[in-house]
Amino acid sequence: MTVVLEQASPSRHRWIAASRASDLEITQAVAEPLFARAGAAWWICMLVSLLFVLWFAGSIGWLFYKGIGIWGVNSTVVWGVAIANYVWWIGIGNAGTLISAMLLLTRQKWRGSINRFAEAMTLFAVTIAGIMPIVHVGRPLYVYWLAPYPNTMALWPQWRSALVWDFWAIVSYLLFSILFWYVSLIPDLATMRDRTTTRAGQFLYGAFALGWRGSAVHWRRLKTWHTTMAALGVPLVCSVHSIVGLDFAASLMPGWQESIFPPYFVVGAMYSGFAMVIVLALGFRWGLNLQAIITRKHFEVMGRILLMASIVMGYSYATEWFMGWYGGKQSDRSLVAFEFTGTYAPLFWALLACNVVLPQTLWFPRVRRSLPALFAIAIAINIGMWLERILIIWNTLSHDYMPTLWRSFHFTFWDWSFLIAPLGFFAFLFLVFVRLVPAVSMFDMRELAHQERAA
């Protein structure tokens with residue numbers, strides 16, 4: 001019988017509350033929300049998110065019916081909100097698996113509280129990101145031209161097109177992320193199989209548990225497979241967002257032909273992704289009563305990571321400005337001046353405030369330990385990272401080499417629709433997720449509890 005450590009010292013239980021340190025307590029804390037009847041708050045959130053899903057579906061249907069002219073794109077700013085959304089969502093999606101894989105390889109014990117829903121965040125965000133290029137190409141019935149099938153048509157797929165790179169990167173990464181997420185879920189599915197009382201639940205959880213018995217052989221194979229997948233995942237994640245960066249850097253437009261873009265985009269993905277993980281962790285902590293498993297110490301260490309990333313992002317911005325000046329090209333210098341003083345200057349200053357200035361408050365431990373402050377900073381960072389992605393597009397396309405072609409982008413209702421409605425779809429997927437599978441890895445948390453008791 002497992003003994004509940006009610007009086008354990010805090011130092012021995014750094015990442016999990018001592019009052020919930022037994023195997024039984026951990027399993028009950030994680031599994032109970034799946035067996036309990038959904039409360040009023042869940043149903044209200046589900047109803048609201050479902051309205052956003054219908055809004056998103058209706059927007060896509062109207063776009064297919066009327067064409068991309070319903071957006072604010074014009075003959076100069078040919079990329080608009082959809083492509084910025086693609087880069088933003090793929091960045092959030094990249095971060096989930098990157099966070100989980102890197103923390104696993106570096107043996108960070110606190111990952112067990114966040115890795116499950118961080119990996120689920122990857123699946124949902126990449127799914128939404130994959131929709132954006134499809135709706136932006138203008139002729140979605142020809143979207144299969146993006147697939148890297150044998151070039152029998154002698155024209156399509158266009159192997160020099162960045163869209164083909166993106167298609168290959170997204171599909172590869174999505175398949176990898178599904179496997180990485182599912183393999184780590186198998187022991188918990190077996191636990192749910194053994195605890196559920198319904199015949200349908202036993203059948204479904206048992207089918208997906210693949211006959212898991214928890215033997216030493218099973219655990220050894222799982223650990224080997226999971227670690228190998230993590231080692232493969234880190235370079236894959238870096239390559240995916242590097243390819244997104246090369247969508248811009250491979251062009252000849254001022255402000256885009258930057259060799260810093262691939263690593264800069266990878267850090268930006270981790271930055272926005274960690275900010276989204278904080279928002280989700282706060283939501284799960286409150287909604288599923290996981291205060292004993294997702295503790296304030298988790299938020300403090302994630303705050304430190306955000307602080308580090310904000311410094312790197314500030315350095316990247318300064319490098320762009322310096323290279324624009326040092327290169328000596330009039331077009332590059334003019335673009336830098338346009339960023340600070342042009343049409344979108346208020347948005348650019350807001351970007352710097354959200355991504356660089358505001359996170360500097362995380363130097364103070366009191367701010368890192370304040371959940372409302374962390375929530376506000378994480379939301380601001382995600383807003384700032386979206387502004388960064390849209391301004392990369394708007395500033396360059398609105399202010400390229402030809403002054404006669406300088407035009408500004410103006411939002412329409414449908415631009416706002418493709419910005420806001422996918423957020424509701426994202427929330428809808430998570431609301432379904434928390435009712436089907438454990439939101440936190442039970443076996444990781446049980447292992448952590450045993451290690452902390454033996455410390």
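**Exercise 1.** In this predicted model, state how the residues lining the largest cavity divide into nonpolar, polar and charged.

*Solution.* Step 1: the lining comprises 20 residues, and G255, E320, E339, F348 and I392 are those nearest the cavity centre. Step 2: sorted by type, the lining has 11 nonpolar, 4 polar and 5 charged residues. Step 3: two or more lining residues come from each of α8 (261-287), α9 (296-326), α10 (330-341), α11 (345-357) and α13 (371-398). The largest share, 5 residues, belongs to α13. Step 4: the space in this cavity is about 270 Å³.

**Exercise 2.** Describe the second largest cavity and the residue types in its lining.

*Solution.* Step 1: its space is about 50 Å³. Step 2: the lining residues are A29, V30, P33, L34, L288, L290, V434, V437, A439 and V440. Step 3: these divide into 10 nonpolar, no polar and no charged. Step 4: helix α1 (residues 23-35) contributes the most, with 4 residues.

**Exercise 3.** Classify the ring pair F52 and W55.

*Solution.* Step 1: the structure holds 44 aromatic pairs. Step 2: for F52 and W55 the ring centres are 5.7 Å apart and the planes stand at 45°. Step 4: both residues lie in helix α2 (residues 40-66), 3 residues apart, which means about one helical turn separates them. Step 5: F52, at 26% relative accessibility, is partly exposed, and W55, at 27%, is partly exposed.

**Exercise 4.** Which residue has its charged end over the ring of W42?

*Solution.* The residue is R435, whose charged end sits 5.8 Å from the ring centre of W42.

Key. Residues numbered from 1 in each chain as written. Predicted model: local features only at pLDDT ≥ 70, side-chain atom pairs only at ≥ 80, totals over all residues. Heavy atoms only, no water. Phe/Tyr/Trp six-rings, centres within 6.5 Å; stacked < 30°, edge-to-face > 60°. Buried < 20%, exposed > 50% of the residue type's maximum accessible area, 1.4 Å probe, protein only. Lys NZ or Arg CZ within 6 Å of the ring centre and 35° of its normal. 1 Å grid on protein atoms, 1.4 Å probe; cavity = no way out; pocket = protein on both sides within 12 Å on 5 of 7 lines; lining within 4 Å. Points joined across faces, edges and corners; volume = space filled by probe spheres on them. Nonpolar A, V, L, I, M, F, W, Y, C, P; charged D, E, K, R; others polar.
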